[in-house]
Every structure is written in C-alpha cells, then in structure tokens.
Amino acid sequence: MDMSKQSFETFDPAQASGGNTPAEEQVAAPVSSTDNRNQPIGVVLEIAGSGSQIALDLQRLNECMDDGDPSIALAGQVGSQIKIRVGSNWLLANVRNQRQDRRQGGGIVANIDFLGEGQEEKLTGKIHGFRRGVTRYPVPGAMIYPASTDDLKQIYASDGRANIQIGTVFPTKDIRAGLYIDAMLGKHFALLGSTGTGKSTSAALILHRICQAAPEGHIVMIDPHGEYSAAFKNTGKIFDVGNLAMPYWLMNFEEHCEIMLSSSGNDFQEDSEILSRCLLAARSKNRLAESMGKITVDSPIPYLLSDLTTEIMNQMGKLDKATSSAPFMRIKNKIEELKNDPRYQFMFSGMLVGDTMADFLSKIFRLPSAGKPISIIDVSGVPSDITSTVVAVLSRLVFDYAIWSREEKTRPILLVCEEAHRYVPSEKFADASSVGRILSRIAKEGRKYGISLGLITQRPSDLAEGVLSQCGTILSMRLNNDRDQAFVRSAMPEGARGFLDAIPALRNREVIICGEGVSIPIRVSFDNLEEAKRPASEDPSFSELWRESGGEEEAVQRTVLRWRAQGR
C-alpha cells in the first residue's frame with residue numbers, strides 16, 4: 001500500500017485493535033471537518049515502556065499546517081506534542097524523530113516519548129490535572145491527536161507552587177514558561193550553552209527573577225570575568241579585589257598549602273609537615289584558641305603572619321630538626337612574597353588580622369540581605385595562581401557555614417559558579433586543587449544542608465564526572481560540540497530525548513529545560529532583559545569599532561596605568 005498517497009484513507013476504527021491488518025497498513029477515513037483538534041493525525045503502531053512508534057497521516061499533517069493554532073500547525077513534527085486517549089485520560093507524548101517507511105510505500109513513521117497524562121474535561125475536551133508519568137498505556141491501533149494550544153496552557157499552567165516566569169513555551173507566543181523555585185534550587189541546576197548563545201544574559205534573567213520573587217534571598221555568585229557587576233549594580237552587592245577583604249586565616253590547611261608551598265613530590269610532603277606544625281603554633285597564640293581549648297590546624301582562628309614566620313625560624317634553629325634549613329627558607333620566602341606583593345593585598349593585608357569572621361560571612365552571604373539578596377564576587381582581578389584557591393575558600397565557607405548552622409535552622413544559600421568547568425574539571429583536566437573537591441561535595445551533599453548549586457558552563461563535557469548528573473534541573477541552550485551534546489544527552493532523563501535532538505538547532509536565547517524545575521521537558525524562548533540588567537558580555541562590533549578613530553594614545557596610557565597597578 002502506498003501510504004504517501006493513500007495514508008489513512010481506508011482505515012476502519014472498529015478494526016484498530018481487533019482486525020488482522022498490520023498496524024503499518026491501517027489508515028483513516030477521509031476528514032471533512034475543519035476542526036483539526038478533534039480529528040486524528042495518526043495511529044499507534046508499537047508500545048514500549050518509555051516510548052512508542054506511531055504512523056502519521058501525511059494528508060492530515062498538511063491540513064493541520066494551515067491551522068490558526070500554532071501548536072496544531074506543527075502537529076507531528078519533531079519536537080511537537082501529540083496526545084492519545086486512554087480511557088477517560090489523555091496521554092501526552094513528544095515526537096522524537098520521523099522517518100519514511102519504505103517497506104510500506106513511503107509512509108511516515110515516528111518515535112515518541114511519553115511525558116505524562118491528564119484528565120479530560122467533559123464539556124471542553126481539554127486536558128486538566130496533568131501530572132508526570134504514565135499509569136496506563138495505550139494499545140496498538142489507538143488514534144493520535146494533535147495537542148492544541150489550549151491543551152498546552154493547561155499542561156504548563158502553574159500548579160500553585162512558587163515559580164518564576166522566564167519566557168514563552170515554543171511554539172506558542174502566549175504560554176508562559178515557569179521554573180519552580182523550590183524544586184529547581186532544592187536539587188541544584190545547570191545552565192549550559194556554547195559561546196554566543198546568550199547564556200550570560202539568560203543566567204542574569206533567571207537570577208533577576210529569583211531576586212524579585214525572593215527579595216530576602218541569599219545568593220553568592222562567582223564571576224570570573226567581571227561580567228555580572230553591571231547587571232546587578234542596583235540589586236546586588238559587588239565585591240572585587242578592592243573591597244573583598246577576605247582574611248587569609250579563614251583558609252584551612254589544604255588551602256594554605258596551595259598558596260604557601262611551591263614544592264612538589266617528596267619536598268612537598270616535607271614542607272607541608274613543617275607548615276602544619278608552625279601554623280598550629282601560630283593559631284594557638286590567639287586568645288580565642290586559649291578560651292576554646294584544643295584547636296586544629298584547620299580551625300578558623302586569626303593569627304599573625306609574623307607569628308607564623310617567627311615560628312618557622314624557631315623551628316629552623318632547632319639542633320634536633322630532621323631536615324636541612326632549605327624547606328624552612330622556601331616557606332618563609334613564599335610568605336614574605338605574599339605579604340609584599342600588592343596583588344595579594346585583598347587577602348594578606350595586615351589590616352585583616354582581627355576576628356572579622358562573622359562580619360565577613362554576613363557581608364558575603366547577605367545575612368541580612370538589606371534589599372540586595374545577591375553578592376557578585378568578581379575574581380577577574382585575583383592573581384591567576386590563587387584564583388582557584390580563593391573560589392575554594394568561598395565555596396567551603398558556604399558549605400561549612402551550612403553544616404554548623406543546622407541547629408539555627410538558617411536560611412538556605414544559592415552558590416552560582418560561572419565557567420564551572422574551570423573549577424570542577426574532569427579527571428583529564430584536574431589539577432588537584434581543592435576547589436574541585438569542595439564543589440563536587442556540595443553537588444553531592446549540599447541539598448541536605450540547605451545549599452543550592454548553580455553551574456553555568458559552555459563545556460559540559462569538561463565537567464567532573466557525576467557533577468552534572470547531580471543537577472536536578474538542566475537548562476541546555478545550543479551546543480555546537482558533538483561531545484558536549486552527547487554528555488548532556490546522557491545526563492538528561494529518557495523522556496527528554498526528543499527535545500535533545502533539537503539542541504544543535506536552537507536559536508540564540510532559546511533553551512530546553514528538563515528535570516525537577518518544570519512539570520515536563522519544554523523548549524522555551526527567553527524573555528528580553530532590560531539593558532540596565534544585562535551583563536557586560538556582548539561581543540565587540542568589529543565592523544563599527546574599526547571604522548572609528550581618535551583617543552587611542554590616551555586609552556593606551558590609562559590601560560598601562562591600570563596594568564601596572566594590577567587594578568581596575
């Protein structure tokens with residue numbers, strides 16, 4: 001039978017499940033009604049647990065293309081939704097792919113993924129009470145119907161949970177797409193997208209909407225390029241090397257080793273043992289240590305760098321020391337370098353010795369928020385050799401604070417990391433820094449302590465194994481790299497596979513969302529963000545800037561001054 005010409009012209013619904021005609025050859029009676037919503041567009045061929053195979057009527061699909069409802073006009077196309085009646089319920093599915101079945105004369109066969117089910121309103125026939133999952137499957141021969149915009153409005157409508165609206169559901173123009181705040185933040189989220197897809201602006205949009213919905217929130221964002229300061233200058237608190245004032249004594253022993261030791265191999269083991277003894281002795285000289293009793297080398301007790309170097313010299317002067325003086329001098333010289341280098345003053349200034357731990361945590365974590373619930377930590381001015389350590393300290397402080405404040409029932413904290421693949425790299429790119437370990441631990445255990453982790457990256461395949469799978473909500477924009485696409489595909493649930501095939505074809509500022517933050521996987525076009533709220537991440541216009549002239553000498557002079565001063 002030539003299904004391309006006679007598709008569904010001789011199908012008898014009465015024989016759909018009881019006749020001897022193969023499902024591939026079952027076709028429908030001619031349709032005279034113009035109400036495409038109530039007319040079938042295909043038939044179920046095969047049922048499987050996660051998805052099924054259907055045959056589509058090419059003639060009916062052509063008729064639907066002229067429908068005024070944009071959802072019906074796209075009926076049967078890859079990425080569109082269709083529905084199947086099962087008893088008194090409607091089963092919703094997403095079209096994953098299409099192919100021409102040459103065995104049956106060119107008919108269209110498609111695979112679908114089940115998304116969920118809802119009840120049918122008796123008067124309107126629309127879907128309501130939609131929920132994820134399937135309790136009862138259709139049988140081969142069941143008819144396929146297009147999902148209308150009215151159906152999608154019911155499906156995507158908020159179920160009463162707190163949510164933020166970020167755009168419109170594709171392919172409609174008026175159905176709003178929302179993210180459930182508690183579900184998305186409670187189990188972490190990841191925003192993925194290649195360079196130039198609008199990832200930074202989309203991240204700013206999501207964070208702005210969260211701040212509007214929760215003006216007393218507590219958000220910490222690590223900004224490696226200084227992009228987001230412009231976006232949150234009015235609604236957030238901006239910190240950089242000029243005002244961060246992060247006390248060096250907040251570091252634990254592992255972080256001290258990363259900054260103060262430059263040796264490797266056996267020398268590193270020897271140097272770390274010396275630093276451990278001297279650091280504990282320096283911390284013990286503080287009156288806080290005396291009142292607390294026993295402390296450890298990791299205890300965040302203030303100490304003087306001069307006390308640390310004095311202890312190193314005392315240890316070096318002992319006649320019974322097990323090593324030469326070389327390791328002691330290596331550590332002492334590194335500490336002196338840190339004290340004298342102006343690039344490190346934001347962390348090693350002599351003014352940071354007082355016990356300001358509570359004030360620092362309150363300032364960074366926005367406790368209280370004072371109407372500015374987000375703090376942007378601009379680490380673009382931090383020397384590159386200690387950037388990972390600074391991020392590690394900030395991330396660990398979030399985690400440790402959450403652990404030790406459980407009895408206080410403190411408010412949860414959202415930690416957002418831009419360029420996350422730099423800090424949580426896969427084993428192939430790992431450099432043994434502490435930041436990867438602490439962020440991986442937050443991804444695995446953070447939600448138990450009220451910490452939410454937001455990862456933003458353009459290279460998801462370079463992330464540490466398992467970190468992306470810990471994210472309950474994944475927002476994927478266009479990814480151009482095949483390896484990145486495969487990595488994201490493996491992390492997303494089975495029901496979203498049809499959407500994933502559209503990742504390479506997404507427009508700028510379009511995203512596919514699946515997971516806990518949405519009822520079902522959806523494709524969304526992000527809202528436009530006001531100019532004043534956008535990050536400073538726009539690409540330069542070569543054609544315009546290279547036509548302008550004048551002021552270059554002064555600009556070079558100002559740049560050299562900032563360069564030499566290591567500041568902006």
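I'll start with S440, which is found in helix α15, residues 434–445. Helices here are DSSP runs of H or I with at least four residues, strands are runs of E with at least two, and both are numbered from the N terminus. This is a predicted model, so to speak of a local feature I need pLDDT of at least 70, and side-chain atom pairs count only at pLDDT 80 or more, while totals for chains, interfaces and linings use all residues. Residues are numbered from 1 along each chain as its sequence is written, and side-chain values use heavy atoms, with hydrogens and water left out.

Back to S440. With a relative accessible area of 15%, S440 is buried. Buried means under 20% relative accessible area, exposed means over 50%, and partly exposed is in between, with a 1.4 Å probe and protein chains only. Leaving aside neighbours within four places in sequence, S440 is in contact with V424 and V467, where contact means heavy atoms within 4.5 Å.

Now the whole chain. The protein has 19 helices and 18 strands. Of its 568 residues, 51% are buried. Among contacts with a separation of 6 or more, 68% are between residues 24 or more positions apart.

Next, the sheet. It is an open sheet of 11 strands with mixed pairing, in the order β9-β8-β18-β17-β16-β10-β15-β14-β11-β13-β12. Two strands pair if DSSP finds at least two bridges between them. At the edges are β9 (176–180) and β12 (236–239), each pairing on one side only. From one strand to the next, the twist averages 25°. Angles run from 0 to 180 degrees between N-to-C directions, and axes are lines fitted to C-alpha atoms, for helices over the stretch in contact.

Within that sheet, β11 (residues 219–223) and β13 (residues 374–378) run parallel and are joined by five bridges. M221 stands opposite I376 in β13. Helix α6, residues 199–213, packs on the sheet, and the strands it touches include β8, β11 and β18; the direction of α6 makes about 140° with that of β8.

The loop between α6 and β11 holds G217. G217 is buried, at a relative accessible area of 14%. Beyond its neighbours within four places in sequence, G217 is in contact with R366, S369 and P373. G217 and I413 are 196 residues apart in sequence, and 7.7 Å apart in space, C-alpha to C-alpha.

On strand β8 I picked T168. T168 counts as buried, at 17% relative accessibility. Apart from neighbours within four places in sequence, T168 has contacts that include K173, R176, R523 and D527.

By contrast, take A536, in the loop between β18 and α18 (542–545). A536 is exposed, with a relative accessible area of 54%. The C-alpha atoms of A536 and S200 are separated by 8.9 Å, although the two are 336 residues apart along the chain.

Then there is strand β3, residues 81–86. Five of its six residues are buried, so β3 is largely enclosed by the rest of the structure. Six bridges join β3 to β4 (residues 89–101), and the two run antiparallel. R85 has W90 as its bridge partner in β4. The hairpin of β3 and β4 has two residues between the strands, and in it G87 takes a positive phi near 65°. Strand β7 (residues 143–146) also runs antiparallel to β3, with three bridges. There, I84 has I144 as its bridge partner.

How many cavities of 30 Å³ or more does a search of the whole structure find? Three. A cavity is a set of points on a 1 Å grid, over the protein atoms alone, where a 1.4 Å probe fits but cannot get out, and lining residues have an atom within 4 Å of a point. Grid points are joined across faces, edges and corners, and a volume is the space filled by probe spheres set on the points.

The largest cavity has about 80 Å³ of space. It is lined by 13 residues, and the closest to its centre are G79, Q81, F170, F499 and R523. α17 (497–500) and β18 (522–526) each supply at least two residues of that lining. The lining divides into nine nonpolar, three polar and one charged residue, counting Ala, Val, Leu, Ile, Met, Phe, Trp, Tyr, Cys and Pro as nonpolar, Asp, Glu, Lys and Arg as charged, and the others, Gly among them, as polar.

Methods. On a 1 Å grid over the protein atoms alone, a cavity is a set of points where a 1.4 Å probe fits but cannot get out, and a pocket is an open set with protein on both sides within 12 Å along at least five of seven lines; lining residues have an atom within 4 Å of a point.
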